[in-house]
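I opened my notebook to follow one chain from its overall plan to its details. Have the structure beside you and look things up along with me.

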Amino acid sequence: MAETTRFSVSMDAELLARFESRVRRRGNKNRSEALRDIIREALVREEWAGNDEIVGTITLVYDHHRRELTDRLTKIQHRYHAAVLSSMHVHLDHDNCLEVIALRGTANDVQRIADTLIATRGVKHGTLAATTTGKKIS
Ligand code: NI
């Protein structure tokens, strides 16, 4: 077995509490095992060849009161209109909006669009769920 290295991770208490509840829910033995699973999942996703066609949905929760955020998110989707198939906006409650965006494109493009949207200031949480059709786009 390869040598293991220890490293420490800083995170806020809320994220840590959510992580620990995930550890329990999934029956991981400990935090290290859970973190290794998460890292493996992320790496597998990145190993998709860049020109494989993937279809995915991006789910965003964001602050309704944040000025110009809706416009900014819409502008990003217009920039990548060729990959964005559809989007749905839900006014979750007084403060929060939920947006679900369906996409089809190369793994590179879909990942880039997801990263851009999720990293936009004011977005509280974002995930990309994706699968491949097995088709190559060249
Ligand atoms: Ni809304």
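Before anything else I wrote down a cut-off: a residue counts as exposed when its relative accessible area is over 50%, as buried when under 20%, and as partly exposed in between. I also noted that this is a predicted model.

**Entry 1: the metal site**

I went to the nickel ion and looked up its donors, which are His89 (NE2), His91 (ND1) and Cys97 (SG), at 2.1 to 2.4 Å. In sequence, I found these donor residues spaced H-x1-H-x5-C. Is His91 buried or exposed? With a relative accessible area of 63%, His91 is over the 50% cut-off, so it is exposed. For His89 I read 31% relative accessibility, so this residue counts as partly exposed.

**Entry 2: the whole chain**

Next I stepped back and listed the secondary structure, which comes to four helices and four strands. Reading along the sequence, I wrote the pattern as α-α-β-α-β-β-α-β. The C-alpha trace spans about 45 × 45 × 25 Å along its principal axes. The chain has 138 residues, and 27% of them count as buried. I then looked at contacts with a separation of 6 or more, and 67% of these are between residues 24 or more positions apart.

**Entry 3: strands**

Strands 2 and 3 form a hairpin, and I noted four residues between them. Why is strand 3 largely enclosed by the rest of the structure? Eight of its 11 residues are buried, so that is the answer I wrote down.

**Entry 4: helix 1**

I moved on to helix 1 (residues 13-25), which has 13 residues. From its first C-alpha to its last it reaches 18 Å, close to the 18 Å expected at 1.5 Å a residue. Which residues of helix 1 are buried? I found Phe19, Arg22 and Val23. Looking down the axis of helix 1, I saw the buried residues fall within an arc of 105 degrees, so they line one face of the helix. On the face turned away from the buried side of helix 1, I listed the exposed residues Ala13, Glu14, Arg24 and Arg25. At the start of the helix, a side-chain oxygen of Asp12 comes to within 3.2 Å of the backbone nitrogen of Glu14.

**Entry 5: loops**

Just after helix 1, I found Gly27 with a positive phi of about 70 degrees. Asn28 lies in the loop between helix 1 and helix 2 (31-46). Its relative accessibility is 12%, so Asn28 counts as buried. Leaving aside neighbours within four places in sequence, I found Asn28 in contact with Val23, Glu33, Ala34 and Asp37.

My last stop was Glu68, in the loop between strand 1 (52-63) and helix 3 (69-79). Its phi is positive, at about 65 degrees, although Glu68 is not a glycine.

How values were computed:
Residues numbered from 1 in each chain as written. Predicted model: local features only at pLDDT ≥ 70, side-chain atom pairs only at ≥ 80, totals over all residues. Heavy atoms only, no water. Helix = DSSP H or I, 4+ residues; strand = E, 2+ residues; numbered from the N terminus. Expected span 1.5 Å × (residues − 1). Buried < 20%, exposed > 50% of the residue type's maximum accessible area, 1.4 Å probe, protein only. Arc of directions from axis to C-beta. Polar contact = N/O pair within 3.5 Å; in protein donor to acceptor, adjacent residues only side chain to side chain. Pairing = 2+ DSSP bridges. Donors = N, O, S within 2.8 Å, 3.2 Å for Na, K, Ca; no water. Contact = heavy atoms within 4.5 Å.
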